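Biologist: I am new to this structure. Could you take me through some of its parts?
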Amino acid sequence: MRLDGRRKSSNVDDRRGLSGGKVAGGLGIGGIVIAALFTLMGGGNISDILQQVIGMQMQGTGTEQTVDTSATDELAEFSSQILAGTEDVWTKIFREQGWGEYEAPGLVLFTGSVNSGCGGATAQTGPFYCSADQKVYIDLSFFQNMRQTLGADGDFAYAYVIAHEVGHHVQYLRGTLSQAHQQMNRMAQADANKVSVRLELQADFYAGVWAYHDNKMFNSLEDGDLEEALDAAKKIGDDYLQKKAQGYEVPESFNHGRSEWRHHWLKKGLAMGNVNLGDATFTLPYGDFLH
């Protein structure tokens, strides 16, 4: 990506170098935490699988300790610039759509473990959005694990991860999260998982919409960028991760969606840039997502 000269966001809370405090269980790649929902939407099975796949070691002894953060300084600056890009794009889209003023989320960078408005989390959790405090949380070592464990690499692949979590913030501002959460509370687990998949696919679409407009505004995309993000989308599908960890898939436990679905909706956002097309993830029959 072309980021030279791009501004950095002022909404970054850099907590790298400090670890400790009580921690909770994992949420998984591209996770989302809704206020009062402190575990992975869709159950714990995928968390266990992701812990095997990513292989991060849980931290958090109850005491703070200083950690050298120099290895992730460049990624911290990159993340701040990507967040700034999402601010610029979504501010523009909200105004054009008549949705009012866009209220940007915060980005918390942490090492090992962190306390959020939705409870404690560890690096094992993966990036997640918490609607209780309207912040995105990420341990930057996640990007290294994307490369080493999943073979998903590249700056635009990393940008996709951040933009996906910001997509959940857009859902929060639009009321989509609260509506979905209310539905899920009334459903059996398997049905609630299906609502979670619809949320995740829409967030993938929103990530693509961001990239489309960011490129129009800043000419940010370079050769190979699109392939990086689309490859990453394929490798964080529930079916791909489950097969990688245990050799088979359990469709009723899916809460993020199949690889081909995630790839399709990210690509659609990238190609079209029309934010209103993302509502289709909630209107299409479940499983019929390749349209």
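Modeller: What follows covers a strand, some side-chain contacts and a surface patch.
Modeller: This is a predicted model, in which local features need pLDDT of at least 70, side-chain atom pairs count only at pLDDT 80 or more, and totals for chains, interfaces and linings use all residues. Residues are numbered from 1 along each chain as its sequence is written, and side-chain values use heavy atoms, with hydrogens and water left out.

Biologist: How many residues of strand 5 are buried?
Modeller: Five of the five residues in strand 5 (residues 106-110) are buried, so the strand is mostly covered. Buried means under 20% relative accessible area, exposed over 50%, and partly exposed in between, with a 1.4 Å probe and protein chains only. Strands are DSSP runs of E with at least two residues, helices are runs of H or I with at least four, and both are numbered from the N terminus.

Biologist: Which residues lie on each side of strand 5?
Modeller: Gly 106, Val 108 and Phe 110 are on one side, with Leu 107 and Leu 109 on the other, and both faces are covered.

Biologist: Which strand do four bridges join to strand 5?
Modeller: Strand 1 (residues 12-15) is joined to strand 5 by four bridges, and the two run parallel. Two strands pair if DSSP finds at least two bridges between them. Strand 9 (residues 135-138) also runs parallel to strand 5, again with four bridges.

Biologist: And what are the bridge partners of Leu 109?
Modeller: Leu 109 partners Asp 14, and Leu 109 also stands opposite Ile 138 in strand 9.

Biologist: Changing topic, how many salt bridges does the structure hold?
Modeller: There are 13 salt bridges. Each is a side-chain nitrogen of Lys or Arg within 4 Å of a carboxyl oxygen of Asp or Glu. One of them joins Arg 16 to Asp 73, with the closest N and O atoms 3.0 Å apart.

Biologist: Why does that pair tie together separate parts?
Modeller: Arg 16 lies in the loop between strand 1 and strand 2 (18-19), and Asp 73 in helix 2 (residues 73-97), so the pair ties together parts that are 57 residues apart in sequence.

Biologist: Is Arg 16 buried or exposed?
Modeller: Arg 16 is buried, at 14% relative accessible area, whereas Asp 73 counts as partly exposed at 37%.

Biologist: What does Asp 239 meet in a salt bridge?
Modeller: Its partner is Arg 258, at 3.7 Å from N to O. Asp 239 is in helix 8 (residues 238-246) and Arg 258 in the loop between helix 8 and helix 9 (259-272), so the pair links distant parts of the chain, 19 residues apart. Asp 239 counts as buried because its relative accessibility is 12%.

Biologist: And which residue meets Lys 243?
Modeller: Glu 249 does, in a salt bridge of 3.4 Å, N to O. Salt bridges that share partners join Asp 239, Lys 243, Glu 249 and Arg 258 into one network. Lys 243 is partly exposed at 45%, and Glu 249 is partly exposed at 22%.

Biologist: Where does Trp 210 lie?
Modeller: Trp 210 lies in helix 6 (residues 189-218), and its 1% relative accessibility makes it buried. The C-alpha atoms of Trp 210 and Val 89 are separated by 6.3 Å, although the two residues are 121 apart along the chain.

Biologist: Lastly, where does Glu 227 lie, and is it buried or exposed?
Modeller: Glu 227 belongs to helix 7 (residues 225-235) and counts as exposed, at 52% relative accessibility.
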